[in-house]
Amino acid sequence: MSVSEEIQEKASQLPPELQAEVLDFIQFLAFKKAKSQTTSQESFARLPNKFGAGKGLITYMAEDFDAPLDDLKDYMF
């Protein structure tokens with residue numbers, strides 16, 4: 001028995017409201033798969049995978065960027 005046939009058999013034994021939940025879950029999994037494929041393809045397409053690919057992306061850095069944070073004062077030596 002294939003997986004598809006087993007899913008159909010078990011789903012047909014459920015009450016209609018649970019069958020609707022199974023359908024929702026299947027649609028969710030399909031959406032999740034499509035989204036992950038799109039996201040992974042887009043992330044590779046944006047920047048070439050080489051040294052210096054992010055050059056020019058940071059246009060501003062505050063003068064006190066390296067200054068200690070007041071919130072961490074209790075943890076400093």
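1. Let me start with Ile58, which is exposed, because its relative accessible area of 66% is over the 50% cut-off. Do keep in mind that this is a predicted model. As for its place in the chain, Ile58 sits in the segment after helix 2 (16–46).

2. Stepping back to the whole protein chain, I see two helices and zero strands. Of the 77 residues in the protein chain, buried ones make up 1%. The protein chain exposes about 7,900 Å², and 59% of that area is supplied by carbon and sulfur atoms.

3. How many salt bridges does a search of the whole structure find? The search turns up one. Lys73 pairs with Asp70 in a salt bridge, and their closest N and O atoms are 3.9 Å apart; the cut-off for a salt bridge is 4 Å. Both partners, Lys73 and Asp70, are exposed.

Technical notes:
Residues numbered from 1 in each chain as written. Predicted model: local features only at pLDDT ≥ 70, side-chain atom pairs only at ≥ 80, totals over all residues. Heavy atoms only, no water. Helix = DSSP H or I, 4+ residues; strand = E, 2+ residues; numbered from the N terminus. Buried < 20%, exposed > 50% of the residue type's maximum accessible area, 1.4 Å probe, protein only. Areas by Shrake-Rupley, 256 points an atom, 1.4 Å probe, with all protein chains shown as cover. Salt bridge = Lys/Arg side-chain N within 4 Å of Asp/Glu carboxyl O.
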